Amino acid sequence: MEPRDVFLHVRGEAVFVDDALLPAEHLFAAIRTSHVAHGHVRSLDIAPAMAVPGIYEVFTARDIPGENQVGKTILDEPLLAESEVHFVGQPLAIVVGESAEAARRAARAIQVEIDPLPAIYDVRQAFAEGSLIAPPRTFSSGDVESAWEQCSVVVSGTVESGSQEHVYMETQSAFALPTDRGGVKVVSATQSPSMVQLVVARILGLPMHEVEVEVPRLGGGFGGKEDQATHWAAMAALAAWRLKKPVKLVLTRHEDMTMTGKRHPYLSDYKLGLDAEGHMLAYEVTFYQNGGAVADLSPAILERSLFHATNAYAIPHVKAVGISCRTHLPPNTAFRGFGGPQALFVLECAIFKAAEALGVEPREIQKRNLLQDGDAFPYGARVERCRQRRCWDVAEQKYNLQAGLKEVRQYNGRNAWRKKGLALMPICFGISFTSTFLNQAGAFVNVYVDGSVGISTSAVEMGQGVNAKIQEVAARIFSIRPERIKLETTSTSRIANMPPTAASTGADLNGHATRLACLDIVERLKDAAARCLGKNAPHEIEIRDEAVYASGEATELTWEKLVNLAYFDRVSLCAQAHCATPDIFFDRDTNKGNPFAYYAYGTALVEASLDCLRGTCSIDAVRVVHDFGRSLHPLVDLGQMEGGIVQGVGWMLLEEVMHDADGRLLTDTLATYKIPDIHSIPGEIQVHFLEDAENPPGIFQSKTVGEPPFLYGIGAYFALLQAMKAFRPDAHIPFSSPMTPEKVLLALYPGDRPV
Amino acid sequence: MTQKHEPGECRCSRGLTRRGFLSTVGAGVAVASAAGKLAAQPAASQGADVLPSAEMTPITLNINGRTHRLLVEPRWSLLFVLRERLGLTGTKVGCERGECGACTVLMDDLPRYACMTLAVEAQGSEITTLEGLMRGEELGGVQQAFVEEDAFQCGYCTPGQIMAVEGLLRAHPEPSQEEIQMGLSGNLCRCGAYVHIFKAAGRAAQLKRGQ
Amino acid sequence: MRLSKFDFHAPKTISEAIELLQSKGPDARLMAGGTDLLMKMKHGAVKPPCLISLKSVPGLNAIRFDESAGLTIGATALLSEVAEHPDILRHYPTVAQAARATANVQVRNMGTVVGNLCNASPAADNPPIHMAMRAVVLIEGPGGKRELPLDEFFRGPGVTALLPAEIVTGLRVPRMPVNAGTAYHSLSARGKLDCNAVGAAVMLTLKGKICEDVRLFISACGPTPLRGRKAEEMVRGKELTEEIAAKAGAEAAEESLPITDLRASADYRTEMVAVLTRRVLKEACQMALTSQPA
C-alpha cells in the first residue's frame, strides 16, 4: 500500500475529480466570461442560452443567495461579475445543462454587451495612475541613503521577469452534490479545502458546517489551485444547490489558460552598491508587481518578495519597496516560490552588472557576501544554523568548480560558434506561511482493531509526496510497517479550519500534527500493554518493529495483538492533534519579526551551451548541493528537486505568456505556450544531500523541499548570460526573462547579421 | 430571472452515459445492454460508407482484447468514448488538442492521441489502453518499471507516458537514448519527472526482455 | 471539447471520393490522417458539414520505390511510415528526416505526408525538401488524372492549386541525381516541438567541387515555402566555400518575406534564414561529396 498511490497511478485507477463516478442525472456547468478587459456591462441576455436544447438554468450574479464574493484577505472579487468587468476571461454567468457540450454552446449563445473602459496592462502606468491593490510596503535596514557614499561601485537598472502559466496537467475541476439537509458537498481539485468551504458557505449564505469539501488528489497544483480552485467549486456548488442536482464543472485547457491567473510578472528597479572588495553594502529595490484585476494572493506574494529581496546574502543597508499594481489582466496568483523567485532574480541581475563594473566574476561577489550565523535579515530575523557557506563550499569541491571553469574556457577557445557558460546559484528560502496564523494544521489518526491505520490531515496530495512523508512519520512513531497505514482524502468534515497546502509547509505542519496524534495513541497503547503484562510500568514498554518489548525483553504481544487487546480494554484508538509552528511572529506595522521556522539553503552549479548562430540554449547540467535537513524521504525529495529545477529553467528560458493590446491571452494553448518537454530538460541533474544537517524545527530533523528547488532555475539564466558574454564580451544583454533564443540572438547581433 | 425547466420537460437528447449506467449496473453489463439495443439495428457499420451526423451510429471497437459494440456520433473522439461511454478513465484528458499526451493509447501497437482520433475511425484497430497492460492482477513491464524508477509525481500524465513507452518498446525493443527521447516527445509532465520517466523507459525495455 | 456535427464518409475508391466531393460541394472536407483538420475544427476555425476520409481506400497508403521511377508516397501513408521506410532512409534520407521532424510520435502515427502538403501551412516540415527534390503531386479529379510539380502546388496559406473535387492521391519524388546532396533544417523559437519559426531545405549537385545545380526552399517566411533564387545564383557554378555559403545565406535572408507572429519576430526569422541556409548548403555539399566515387 504505497501512499503516493503508485500502484493506482500505473494501473490508471487513481481517481481524479473528473474521473469520479457521479450519481445518475448529474448535470454539467460551463461559464460565460467577459471578452473585454475593462468595461460596463450594458446587457446580459440569457434567453438565447435557455433556448439551447438540454439547458436547465443560467445563473448570474443576481442568483447568488449569499454574498457574491470570493476574495480572501481583500474582498474585491465577485464570483460573477455584476455591472463591471475587469479582465478578459472574468466569469459573468454559469450555464447548466445535460451535457458539457450543451452548456458550452449555451454559454456562447448568451448575448453580452459591454461598453469598454480604458484598460491598464502595464505596471508603470498603473502606478502612475494610482491603480494599486494595497498601499506600498517597505522593508528596510541600516541606512541606504548614507551608504551609497561608502561604495566604490554603484550599479542600477531595471529587471523584467515574465509570467508563467501553471499547466497543472489536470485542469481546474469540481463537482457538487446537494445534501438532504439543504447543504452541499463539494469535491474539488483545490489546495485549500477550507477556503473553498468558507467561500461556498458565503456564496450560499449557509453556515460552514452545511458545506463539506473533499479533495481526493490533485493532478498538479504548483500554487495554481491554492486560491483559484475556489471559483469553480463555488460555481458548481451554487448550481447544485439551486437545482438540487449534482453538477460537475471541469475547465477545458483553453478555458483554464484564459480564465485563471498566473505567476506575477514583475518590473523592478534596483540600485546596488559595493566596496572595492566586492562586499555588497547597500541595496535598494522597488518591485512593481502586476497583480492583475483583483487582489487574490498578490499582497502576500509581494510580501515574500520583500522577505527574499536579499536572497542568501548579508547586506547591511537595504531598502526594499513593494508595489502591487492593479491592472486588467486575470488575477495573478500563487506559483511555486510565491514571489521569491522574482526577488532573487533581481538581485542576481544586479550582482551580474556589478561584477562587470568591478571587473570580477559574479561568483566572487556571490561568495564574498554569503549569509552566516550572526547576520540578520533586513526584517530583523537573526540568521541561525545557516548552511549557506557549507553548501557553497561543498558544491565548489564536489563538483570541482575550478576544473569546470577551465573546461568551459577551453571549450570556448576551441569553438567559434558554440559557447558554454557556468553560473552558481545560491538560494535561501524561508519556510512558513508569512501570514503567521496559517501555520497550523490538524491530524486525525484512527487505528482499527485489525492493526491497520487511517490518517486524515490538512494536507492535499498533489504529487509533492506529502502523504508518503506523513505515512513515514506514523510508521516511525508506531514502529510498524508503512503498508499498514493509509492516507485518507482531505476533508473539511474530518479536519476543520485547514491552511492551504502551500508554502512548502505541508509535510512539516501535518507531519508534526500526525506525530503528536500518533504519540497520544502510543501512550495509551503502552498503558494498555503495561496493564496486560502486569509487571511493567508504561514507560518500560516499547513498540519496535511491530513487536512489543517490556524493559527491553520481547513479549508475546505484537502490534496487532496489542491493538486488539487495547480495544477490548476500552482504550480509544483514535487521536486528533493540532500543530502550530512555535516562535514565529511578524509585525506588519514595523515590518520586523521572525516569520520563518527555518530556511532552506543550497547552491547550484549550472552549465549552459549556446548555439551562437541560432540563439538556442541547452542546459547541460545542474549540479546541486542542497540542505534537506535529515531527509525524511530521499526519493520524494529528489523528485521535488528535479521537478522544481525543470520548472525554474522553463520560467527563465522558455515559457512566455503573451497578451494582445486588448488584454487577450495569445498564448492560450499548449502549442503556443511551451512548457519543458523531454527535449528541453537539463542534460544532467545531480543532487547532493548536504551531510550532517539536522534541522530541529522540521519533522524528524528534516527540511521541507517543495518550492526552493525552483530557485535554482534562475542559475540557468546566468549560465546563458556567461555563454553570451563568452561569444560577445561587449554584448548589451537586457535583464528580461524568459531569455528566449530570439532575445539571445537580438542581443548578440544588435543590428548586424550573424553570418 | 431565469425560466425554469423541469427535468421532465427538458429536451434531453443524451443516450447512455458513463454515470448513467456505470452507477447502476457496472461496465460489463452496460456493454451487453448496449449490444442488446443494437440487435435490432443493421449489423456492424464497417460496410457502411456514410455515417450521418444526425444519427447515432453503431460501431464496434476492439479495446484491450474485448469487443465493444456501441452507438456513437461520428464527431465523438475515441477519448470521449473511452472515458464517458465505456468508463475507461485510465486514459486522461489534458488538453483535448493533441498537445499534451495524457490521452495516449495504442492503435495496432502505435501510440496515438485518443483526443484527436475519431471513434468511427478507430474501428478495425486493436486499441490498447492503460487498463489493457495489466496481466491479470500483475503489472505489465512498463508499469512495473514506472514503479521501480519512481517515474511520476502527481500521476496525471502517467497513463499517457506509460502508453507512449509501451508503444515505443513494441516498435523498438532495445531503444537507444535518442529513440527514447523521440518516443516520449509527445508527452508533457509538468511535475518535471522526465529524468525518472526516461530511466523507466530503459528499465521497461530490460523487464520486457526478461532481464 | 466536442467537434461540430458532420456526416462522415469512408469511400472505398478514389472515384467514389471524387463523386462525393462533387455532390457535397466545397464545404465537404477530405481527410487523410485528420491531425490538421480536426485541430482546426477543435479551434472552431472550420465547421465542415461533411468529412470524407480516404483511409478506407485500399492501397492508398502504399510507399513504393522503383530504381527508375523513384519514390511514390500514397496519400494515406503515415508520417511515421515515411520516416522509417528502409528505401526512403537509404535513398531519400532527408525526406525521412523531414517526416521525422514533424510534430511527435503520436501525431506521426496519425498524420500523413500528403496531408501535411495539402494543408498548405507555410511552416510545415515536409514541403521544402520535397520541393527541392522536384517532387510531383499526383492528382485525380472529375477531369481525370494529372500531375503537377510541387513547386506550383502552393498558392497561399491553406490554398493549393487543386481544382474543385480534385484529390491528391500521392506524391512522386524522382531519384536523387548522382553526386547530389540534400539537407533540411528547421528551427522553432521555443523548444523542439514548437511549430517551426523557420525551415530551409536544399538539394544540390556537384561536379567535382563545383556546384552545378541547386534548389533551395525556405519555409515559414512567406505565404508559401519560398524558393531562394538569388541564394541559388550565389552558389551555382561555384565551389561552396564558407564565404559563398555565408553570402548565399544573406541573399536568402534578403529574399524571404517573414512576418512577426506568436512564434517569432520577423527580425529573428530573417537572421535564421541566413543561418539555416548556410547550414543546409554545407550539409548537402558534404553529402554530395561523400557520395561521389573516389
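Analyst: Two strands are taken as paired if DSSP finds at least two bridges between them. The model discussed here is a predicted one. In the hairpin of β27(A) and β28(A), 4 residues lie between the strands, and G615(A) takes a positive phi near 75°.

User: What makes strand β27 (residues 598–611) of chain A and β28(A) a pair?

Analyst: Pairing needs at least two bridges. β27(A) and β28(A) are joined by 10 bridges and run antiparallel, so the pair meets the criterion. Within it, L610(A) stands opposite C617(A) of β28(A).

User: How do you know the sense in which β28(A) pairs with strand β29 (residues 685–689) of chain A, parallel or antiparallel?

Analyst: The pairing of β28(A) with β29(A) is parallel and runs over 5 bridges. At least two would do for a pair. One position to look at is V625(A), which stands opposite H688(A) in β29(A).

User: Why is strand β28 (residues 616–626) of chain A called largely enclosed?

Analyst: A residue counts as buried if 20 or more other C-beta atoms lie within 10 Å of its own. In β28(A), 8 of the 11 residues are buried, so the strand is largely enclosed by the rest of the structure.

User: Which residues of α19(A) are buried, and why is the helix called largely enclosed?

Analyst: The buried residues include I714(A), Y717(A), F718(A), L721(A), Q722(A) and M724(A). Burial holds for 12 of the 14 residues of α19(A), so the rest of the structure largely encloses the helix.

User: What makes β11 (180–187) and β14 (226–227) of chain C edge strands?

Analyst: The sheet is open, with 4 strands in the order β11-β12-β13-β14 (chain C) and antiparallel pairing. β11(C) and β14(C) each pair on one side only, and that makes them the edges. On its paired side, β11(C) meets strand β12 (residues 198–207) of chain C over 8 bridges in the antiparallel sense. There A180(C) stands opposite T205(C) in β12(C).

User: Which helices of chain C pack on the sheet?

Analyst: Helix α5 (residues 93–100) touches β11 and β12 of chain C, and its direction makes about 15° with that of β11(C). Helix α11 (residues 266–291) touches β11, β12 and β13 (210–219) of chain C, at about 35° to the direction of β12(C).

User: How do you know that domain 1 and domain 2 of chain B touch?

Analyst: The domain assignment gives chain B domain 1 (14–129) and domain 2 (141–208). Contact requires C-beta atoms within 7 Å. On that test, 14 residues of domain 1 of chain B are in contact with 12 residues of domain 2 of chain B. β4 (104–107) and β5 (110–113) of chain B each supply at least two residues to the domain 1 side. β4(B) gives the most, with 3 residues. By class, that side has 7 nonpolar, 5 polar and 2 charged residues.

User: How many helices and strands does chain B have, and what share of its residues is buried?

Analyst: Chain B has 7 helices and 6 strands, in the pattern α-α-β-β-β-α-β-β-β-α-α-α-α along the sequence. Of its 211 residues, 55% count as buried.

Definitions and conventions:
Residues are numbered from 1 along each chain as its sequence is written. Chains are lettered from A and ligands numbered from 1 in the order in which they are written. This is a predicted model: local features need pLDDT of at least 70, side-chain atom pairs count only at pLDDT 80 or more; totals for chains, interfaces and linings use all residues. Domain bounds come from an automatic or database domain assignment. Two residues are in contact if their C-beta atoms, placed from the backbone, lie within 7 Å. Ala, Val, Leu, Ile, Met, Phe, Trp, Tyr, Cys and Pro count as nonpolar, Asp, Glu, Lys and Arg as charged, and the others, Gly among them, as polar. Axes are lines fitted to C-alpha atoms, for helices over the stretch in contact, and angles run from 0 to 180 degrees between N-to-C directions.
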